[in-house]
Amino acid sequence: MDQEQNILQIENLSKYFGGLAAVSDCSLKIKKGSITGIIGPNGSGKTTLFNLIAGNLKSSQGKVLFNNEDVTDVPSYELFSKGILRTFQIAHEFTNLSVLENLMMVPANQSGENLMTALLKPSLVRTEELKVKQKAQDVVDFLNLTHLSNELAGNLSGGQKKLLELGRTMMVDAKLVLLDEVGAGVNRTLLKDLGTAILKLNKEEGYTFCMIEHDMEFISRLCNPVIVMAEGSVLFEGTAEEAKKDEKVIESYLGRGSKIKDEN
Ligand SMILES: Nc1ncnc2c1ncn2[C@@H]1O[C@H](COP(=O)(O)OP(=O)(O)OP(=O)(O)O)[C@@H](O)[C@H]1O
């Protein structure tokens, strides 16, 4: 019963780089429909964990289960087709295409990509293209980017590009979205919009999010639960408020000479 509610289960996962265990016997569960935050001091293994989940790194030991299916070491393009998407690692946008066109580039397996279909069934390609365009327009509206739909992506601000990136996940109906420091370098106003879009996608479209984030204010607004990592495994799980007060958590940050950032 419990298993059915978990979209992702990590079991005793480890990743060694030479003698260093970047992720060490790590076990955790991500509940379906949650927005789970992953925090922890620098070097605690958050990015490596994401790399393992998203198929960007091969594990040394342990398992990753997605909807109870073993997806350990499955490559990222296969995970993508199963509905696991990772965003915000790098700026993915095509700078010389408009916002709308950028969204239209996302869906895989369009018939137009097959030369024979394009030659033999041009009307099918046209119908699909119209459908994709309508969907892209819906996504643009959902994210309140309607006024920018014909703007070149290269002209967007950093925060707007992140909204566009979020929009790309909507073009393929993602089930689990892994967000990598989405708040980094985004101004407060856009960060609010981004947070609102994430909440809306979660509530209205049923997306599950798992996000690595340093900004505690952003985390407190969005995430429940918050998982704190230290030395490659889970140190704490609870609400953001509980995490901020927890002795072990505070100590792990202090031990690294860093502190939990709470920008107000
Ligand atoms: N490709 C690699 N080769 C060798 N060591 C690595 C590699 N990637 C990460 N590490 C090491 O593994 C540990 C965990 O790093 P990781 O980047 O996963 O931590 P993090 O929690 O994401 O840190 P940050 O908050 O600074 O991004 C660190 O000691 C790091 O130096």
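Visitor: What makes β2, β1, β4 and β5 an open sheet, and in what order do the strands come?
Guide: In this predicted model, the order is β2-β1-β4-β5, with antiparallel pairing. The two ends are β2 and β5 (69–70), and each pairs on one side only.

Visitor: How do you know that β1 and β4 pair?
Guide: Two strands count as a pair if there are at least two bridges between them. Strand β1 (residues 6–17) and strand β4 (residues 61–66) share five bridges, in the antiparallel sense, so they pass that test. As an example, Leu8 has Phe66 in β4 as its bridge partner.

Visitor: Which helix lies across β1, β2 and β4?
Guide: That's α1, running at about 65° to β2.

Visitor: Why are β6 and β10 called edges of the sheet of six strands?
Guide: The order there is β6-β7-β8-β3-β9-β10, and the pairing is mixed. β6 (84–87) and β10 (233–238) each have a single partner strand, so one side of each has no neighbour in the sheet. From one strand to the next, the twist averages 20°.

Visitor: What makes Lys46 part of the shell around the ligand?
Guide: The cut-off is a C-beta atom within 6 Å, and Lys46 is among the residues that surround the ligand, along with Phe17 and Thr47. The largest share of the shell, three residues, comes from α1.

Notes. Residues numbered from 1 in each chain as written. Predicted model: local features only at pLDDT ≥ 70, side-chain atom pairs only at ≥ 80, totals over all residues. Helix = DSSP H or I, 4+ residues; strand = E, 2+ residues; numbered from the N terminus. Contact = placed C-beta atoms within 7 Å. Axes fitted to C-alpha atoms, helices over the stretch in contact; angles between N-to-C directions.
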